[in-house]
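Here is a short tour for anyone who likes to look at a fold before computing on it. Please keep the viewer open as you read.

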Amino acid sequence: MPKKILIADDEKRIAEILQAYLEREGFRVIATYDGKTALAKFHEENPDLIILDLMLPEISGWDVCREIRKESRVPIIMLTARDELTDKLIGLEIGADDYMTKPFESKELVARVKVQLRRSEYPPSPDSALVIDQLEIDQERRLVKIDGKTVDLTATEFDILISLAVSPGRVFSRMQILDKLGEAYEGYERTIDSHIKNLRKKIEPNLESPTYILTVHGVGYKMKDRG
């Protein structure tokens, strides 16, 4: 079955160009041009990935992303017409996995789509179980539990958590974490801070004093040592 991509962009010409490129790569594409329709199609079609413009009529891209994240970890690539870091960081903080600034090369966006889809199908690991205190990570099934309760992470959040958890105590710079996300993921190092902030909200008992993901000031982040 071909992977299903939902595009939400009010610039119809851009949506049509992206649709043509993605269909040429064998994807099935559903194009929408406003936030209300995008949400409806999300529920009807259950897409494997969403390309979401921030500036949508009816319902904004930000609000569409928030609604989707209440019930799904589907990879989301956000599009923004403004090259402003604030827009990108807000998009990541509400759950987007990646972003691109218009104008962009369609081939690059297709490459990022493939990266996100590969990440959402994380390959099984022979040593798939990681346990650090009350944090349990099943790499094979891409499941995370804290105090026995399942935590819903995006593909990017999961990959960052794994990058830290497989080497507890080791300090990773933001650039090293970006590198682990894959060569096609190009972004400011500060985007990692947004993903870490989201992760902490989901796994930390106390955001004021994190237990698991620790900040090493002036360097980056590390996972606490086991036991």
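A pocket here is an open set of points on a 1 Å grid, with protein on both sides within 12 Å along at least five of seven lines, and its volume is the space filled by probe spheres set on those points. In this predicted model, the largest pocket holds about 270 Å³ of space. Its lining is made up of 18 residues, and those nearest the centre are Asp48, Arg73, Val74, Pro75 and Ser120. Sorted by class, the lining has eight nonpolar, six charged and four polar residues.

**The protein as a whole**

Stepping back, the protein contains eight helices and twelve strands. It has 227 residues, and 49% of them count as buried. If you take contacts between residues at least 6 apart in sequence, 59% of them join residues at least 24 apart.

**Two places where strands pair**

Strands of a sheet pair through backbone hydrogen bonds, in either a parallel or an antiparallel sense. You can find both senses here, as the table shows.

| β11 (213-216) and β12 (residues 220-223) | antiparallel | four bridges | Leu214 and Lys222 |

How many of the residues of β1 are buried? Five of its five are. In a regular strand, side chains alternate between the two faces of the sheet. On β1, both faces are covered: Lys4, Leu6 and Ala8 are buried on one side, and Ile5 and Ile7 are buried on the other.

The strand β12 belongs to an open sheet of three strands, ordered β10-β12-β11 and paired antiparallel. Its edge strands are β10 and β11, each of which pairs on one side only.

Gly169 sits in the loop between α6 (155-165) and β10 (172-173). Is Gly169 buried, partly exposed or exposed? Its relative accessibility is 27%, so Gly169 counts as partly exposed, since the buried class stops under 20% and the exposed class begins over 50%. Beyond its neighbours within four places in sequence, Gly169 is in contact with Lys222, Met223, Lys224 and Asp225. Of these, Lys222 is also the bridge partner of Leu214. The C-alpha atoms of Gly169 and Asp225 are separated by 4.8 Å, although the two residues are 56 residues apart along the chain.

Note on methods
Residues numbered from 1 in each chain as written. Predicted model: local features only at pLDDT ≥ 70, side-chain atom pairs only at ≥ 80, totals over all residues. Heavy atoms only, no water. 1 Å grid on protein atoms, 1.4 Å probe; cavity = no way out; pocket = protein on both sides within 12 Å on 5 of 7 lines; lining within 4 Å. Nonpolar A, V, L, I, M, F, W, Y, C, P; charged D, E, K, R; others polar. Helix = DSSP H or I, 4+ residues; strand = E, 2+ residues; numbered from the N terminus. Buried < 20%, exposed > 50% of the residue type's maximum accessible area, 1.4 Å probe, protein only. Contact = heavy atoms within 4.5 Å. Pairing = 2+ DSSP bridges.
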